[in-house]
Amino acid sequence: MLAIRRRRELANPLVFFVIVVSLFPLGVSPDKELLSQMAPGVIWVTALLATLMSMDVMFRSDYDDGSLEQLLLLPGPKVLLIGAKITAHWASIGLPLVVLAPIMSLLLYFPTHAIGSLVVTLLISTPILSLLGSVGVALTLSLRSGGILSSLLILPFYIPVLIFSTMAINASANSLPVSGYYALLGAFLIISALLIPFAVVAALRVSYN
Amino acid sequence: MMQFIHKYGSPRYYYQWSKGWQKWLSIITVVLLVIGLYQGFFVAPPDYQQGESYRIIFIHVPAAWMSMFVYMVMAFAGIMALVWRIKVAEIVVGECAILGASFTAMALITGMLWGKPMWGTYWVWDARLTSELVLLFLYFGVIALHGAFDDPRTGAKAASILAIVGVINIPIIKYSVEWWNTLHQPATVAKFDKPSMHISMLIPLLIMAVAFKTYFLSLLFMRSRSEVLAREKNASWVKEILKEQS
């Protein structure tokens, strides 16, 4: 919860998200039709990158000042502690992204009737991004240049989330049923929420070897 | 059971028993490769649609099978390394990552060479190609993480965790990519009814598949044995071996 005290650091990934999304019209073309077609992919890929950029915040400062080690030495289940850490990270990065994304989607001429599905997919999937990302960060914590390596490890795992989310948004833009995609994303969220904290605890143990 | 694992997993004993295995597996590999390649390239009839260029499957398909198989071996070795802290299993994880990445790259490259005359392009964003590419990225991740630590044992443990997380994720990635886009011809061998492939082509393919398995195992033994020696270079049994050699 220390995160709230350092708002500037928190805002950086969000500003990154806004800037990168607005780079696409400049780099590709300001053509309305092309942009509205690309919008789900652009927003989703940028959201992935913004989350990755913010991953380092999750454990880094606690690791540097030693408080993470103390937290791990506490009695009681470590998995809950890690779960709380990941939830806090999601609340500080994932939730703001959910709010920002619809606004940015307007800049890409995204059809307004599909914005609801954009918000829903982001709401279900950003916790998955935080969960999967935490494994990468925990594994590379004791390395000096862990940031880039951790993104390299984690990005392949983000692929299913990216696929299901953009498929749901595209289906909704074409007025097709979307509940199946939501169910798949939800299942993915439940599985990762159940399993990943254990992997993170194991990874932190290795980092503190 | 546990005694058995620890005995066969101790670096010294492993070094001894793997010697014979490595030798015989290497011999079997060479024999099978010669038979398989000869059968595949000269005996098997040309395909009625694809002509002679289909013959690359005798390398492509076994390599693609191996790319998945090696990941499974790696994850299994990862579990052994984390649960029972077996040094040899840690070494196997690292060697599997490199060998698996090579098999995956081989499957991708031969597939691209085949795709140019058949599909008219080296690359399509098709489900099987994409999931194979993702698999290659996963291997790169394990290799990078394995080499990133100063202490090789820490690196091996971190890589083991990543491999285990990856093995849970691979089916999810595979099916997500499959729903996303499919053009690749469906599997022609692993079907429950009769394989849709003529027996004269199937036999060399299966010989090649077995040859690739033994090839992998003999390479794995070869590489892990030298890694065992390097890691245990201060142990007395290694010094004795070195003395005998020189």
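Biologist: Which residue just after H4(B) takes a positive phi, and of about how many degrees?

Modeller: In this predicted model, the residue is B:Gly120, which comes just after H4(B) and has a positive phi of about 85 degrees. Another helix, H3(B), is followed by B:Arg85, whose phi is likewise positive, near 50 degrees.

Biologist: What does the predictor say about its confidence in chain B as a whole, and in the complex?

Modeller: The mean pLDDT of chain B is 83, with 92% of its residues reaching 70 or more, and the complex is given an ipTM of 0.83 and a pTM of 0.85. Where pLDDT is low, the predicted coordinates should not be read in detail.

Biologist: How many helices and how many strands are there in chain B?

Modeller: Chain B has eight helices and zero strands, and its C-alpha trace spans about 60 × 40 × 35 Å along the principal axes. Of its 246 residues, 38% are buried. Among contacts between residues at least 6 apart in the sequence of chain B, 76% join residues at least 24 apart.

Biologist: Why are H1(B) and H2(B) called roughly perpendicular?

Modeller: The axes of H1(B), residues 2–9, and H2(B), residues 11–43, cross at roughly 75 degrees and come within 5 Å. Angles of 65 to 115 degrees count as roughly perpendicular, and therefore H1(B) is roughly perpendicular to H2(B). The contact is made by B:Lys7, B:Tyr8 and B:Gly9 of H1(B) together with B:Tyr13, B:Tyr14 and B:Trp17 of H2(B). By class, this contact of H1(B) with H2(B) has four nonpolar, one polar and one charged residues.

Biologist: And why are H5(B) and H6(B) described as roughly antiparallel?

Modeller: H5(B) and H6(B) pack at an angle of about 170 degrees, with their axes 10 Å apart. Angles over 145 degrees count as roughly antiparallel, so that is the name for the arrangement of H5(B) and H6(B). Their contact includes B:Val134 and B:Leu138 of H5(B), and B:Leu162 and B:Ile173 of H6(B). Its residues divide into 14 nonpolar, seven polar and two charged.

Biologist: Which elements of chain B give two or more residues to the side that touches chain A?

Modeller: The contact between the chains takes 20 residues from chain B and 20 residues from chain A. On the side of chain B, the elements giving two or more residues are H5(B), 127–148, and H6(B), 152–180, and the largest share, 13 residues, comes from H6(B). That side of chain B divides into 15 nonpolar, four polar and one charged residues.

Biologist: How do you know whether A:Ala199 is buried or exposed?

Modeller: A residue is buried if 20 or more other C-beta atoms lie within 10 Å of its own, and because A:Ala199 has 22 of them, A:Ala199 is buried. A:Ala199 lies in helix H7 of chain A, residues 179–207. Leaving aside neighbours within four places in sequence, A:Ala199 is in contact with A:Val135, B:Ile161 and B:Val165.

Biologist: What makes A:Ile169 count as buried, and what makes A:Leu123 count as partly exposed?

Modeller: A:Ile169, in helix H6 of chain A, has 29 C-beta neighbours inside 10 Å and therefore counts as buried. A:Leu123, in helix H5 of chain A, has 17 such neighbours. The cut-offs are 20 or more for buried and 12 or fewer for exposed, with partly exposed in between, so A:Leu123 counts as partly exposed. Leaving aside neighbours within four places in sequence, A:Ile169 is in contact with A:Pro40, A:Ala114, A:Ser117, A:Leu118 and A:Thr121.

Note on methods. Residues numbered from 1 in each chain as written. Chains lettered and ligands numbered in written order. Predicted model: local features only at pLDDT ≥ 70, side-chain atom pairs only at ≥ 80, totals over all residues. Helix = DSSP H or I, 4+ residues; strand = E, 2+ residues; numbered from the N terminus. Contact = placed C-beta atoms within 7 Å. Nonpolar A, V, L, I, M, F, W, Y, C, P; charged D, E, K, R; others polar. Axes fitted to C-alpha atoms, helices over the stretch in contact; angles between N-to-C directions. Parallel < 35°, antiparallel > 145°, perpendicular 65-115°, else oblique. pLDDT = per-residue confidence, 0-100.
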